[in-house]
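Hi,

I am passing a structure on to you, together with some notes on what turned up in it. Please have a look at it first and then read on.

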Amino acid sequence: MNSKITGDTIISTKNISKTFSRDIKALEKVSLEVKQKEVVVIIGPSGSGKSTLLRCLNGLEEIDEGSITIDNTPLDGHHHNRLKIRTEVGMVFQNFNLFPHMTVGDNIRIGPRHVRKQNQAEADQITDELLKKVGIYDKIDAYPRQLSGGQQQRVAIARALAMNPLIMLFDEPTSALDPEMVGEVLEVMKDLAHEGMTMLVVTHEMGFAREVGDRIIFMDEGKIVEENSIDDFFDNPEEKRSKQFLSKILHNGGC
Amino acid sequence: MELIFRMNIFQSVSEKITKLHRHLNILKVRQPLFYETVKFLLFSTVIILIIAPGLKGLNYRWQWYRLPDYLLLKTKTGISAGPLLKGLSVTLFISVISLCLTVIIGFATALLRLSESITAVFISRVYLELIRNTPLLIQLFLMYFVISPILGIGRLPSAILALSLFEGAYTSEIIRSGIISIERGQWEAAHSLGLPKGLVYRLIILPQAFRQVLPMLASQAISLIKDSALVSTIAIYDLTMRGQVAISETFLTFEIWFTVAAVYLIINIALSQIIMIFERRLKKVDL
Ligand SMILES: Nc1ncnc2c1ncn2[C@@H]1O[C@H](COP(=O)(O)OP(=O)(O)OP(=O)(O)O)[C@@H](O)[C@H]1O
Ligand SMILES: [Mg+2]
């Protein structure tokens, strides 16, 4: 099933831990390897550390212990390395976090112009292409507030893609959306997966997981409890906690 | 029978009232200016009626006709600015320069306070507490009599420096409040694109913070112009000082103070109008 995944390891974390104030262990000795072109789905109950894991991977959160290497660059204390990794890792947030004072076009252009240092014509071309790809080219001059949630999230994806990243991180990208808009965002993400983007996706959209996921990681209390292929996880989970969690989300209509 | 009659009257009266009401409403909608003018005139008449008897008791001899000499000087070669207008130009000069310095000091202090360096935070806190807990007048005297001889600067620069340091402290708090009002998601989105810190501020945070605090910055600018009147105490010939001198020469106490006040009023109202237009334009942009 993993025929497309032949490449090298692109993300590697070794025993990373993160403790917030008052002994909240958000992550405890998490080790994870992700290969190029892999789509990894991360699930787990609220507070299990899924967001924290993604945020550590692009240096939004500093780890207390362990090591992270992304595309052979260590994410250590060096400022330069952190910036480099961020240019290679795109992130999509639950609440979109578009820049409200800029048009859709400017939101997308900002990475190519100011980080990649491309010229105006190149940045314009990338922006046009990406907006067409996510299907909202006609909104290029609109402001984020004029768009629906689904459209905003597609702009956010385009903004991250404009950096031409190696890896995309998605933190519950459809949780803040009205049900009728979930599909349009998932479509864009599926296309990306089919194109061979390396993706880490925190989501409860099990249909998405089954369709494009290569591997699933189930987290609880800051630890990886189970790591399995998608089909095995759903049909035949190894761990008791995974079973309990699955029955919970499936009962709540999580599909 | 009578009941029906009464009801008829009642109906017609209430009809008339609603008609009148509608009429008034139309007036209100179409001519808000007219309504406001009427209200203003009524209000001023009442105020004048209250004050007038007291004014009579003062036995003040109004000589408004002498005032123009203090605004415009007629010389042989033509017309030049009179003392009050000359003072105005000094006030404007001081205000404009101080405003620029205030913004710079405000920004720098806000960034120091928000920085991770303990020394920077400490320095900015000391500065803020010193400025905010002592009177501006004393700061002005300290600057002019103590610090300016040390630095070897003149009257005008020390006035501008004192004023800028004073307003800069308040401005930095305004700017800081704008910066911390920007939600965490904006920082994270900007960082996740790999933007370095300077660009995060310049492209993402400051433009949004600026919109948030523009009204407060505007009122700070107005405070600065008003506070600049204090420089007259170190014998700088600004608008206020010129007014004082003119009064001591002519005893036109009422006329000149009224005029001086009106000039400050006009400058500040004009300034807030300009800022309001600017603000509206910004609002239109991000809808
Ligand atoms: N900035 C922070 N300060 C303090 N505690 C935090 C912070 N961020 C996360 N935590 C705590 O760390 C733990 C893990 O949080 P995290 O957001 O990673 O969970 P999650 O799996 O993403 O949950 P959810 O499904 O609700 O998004 C939680 O107990 C949370 O309260
Ligand atoms: Mg989360």
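How many salt bridges does the rule find across the interface of chain B and chain A? The rule (a side-chain nitrogen of Lys or Arg within 4 Å of a carboxyl oxygen of Asp or Glu) finds one there. E188(B) pairs with R55(A) in it, and their closest N and O atoms are 2.7 Å apart.

Before the rest, some ground rules: this is a predicted model, where local features need pLDDT of at least 70 and side-chain atom pairs pLDDT 80 or more, while totals for chains, interfaces and linings use all residues. Residues are numbered from 1 along each chain as its sequence is written, chains are lettered from A and ligands numbered from 1 in the order written, and side-chain values use heavy atoms, leaving out hydrogens and water.

Back to the interface. Chain A brings 24 residues to the contact and chain B brings 21, with contact meaning heavy atoms within 4.5 Å. About 2,000 Å² is buried between the two chains, 63% of it from carbon and sulfur atoms; buried area is the accessible area (1.4 Å probe) lost on putting two parts together, summed over both.

Then there is ligand 1, which lies between chains A and B. Of the 13 residues around ligand 1 (a heavy atom within 4 Å), S46(A), G47(A), K50(A), S51(A) and T52(A) come nearest. A polar side-chain atom of K50(A) is 2.8 Å from an oxygen atom of ligand 1.

Enjoy exploring!

Terms used:
A polar contact is a pair of N or O atoms within 3.5 Å; within protein, one must be able to donate a hydrogen and the other to accept it, and residues adjacent in sequence count only if both atoms are side-chain atoms.
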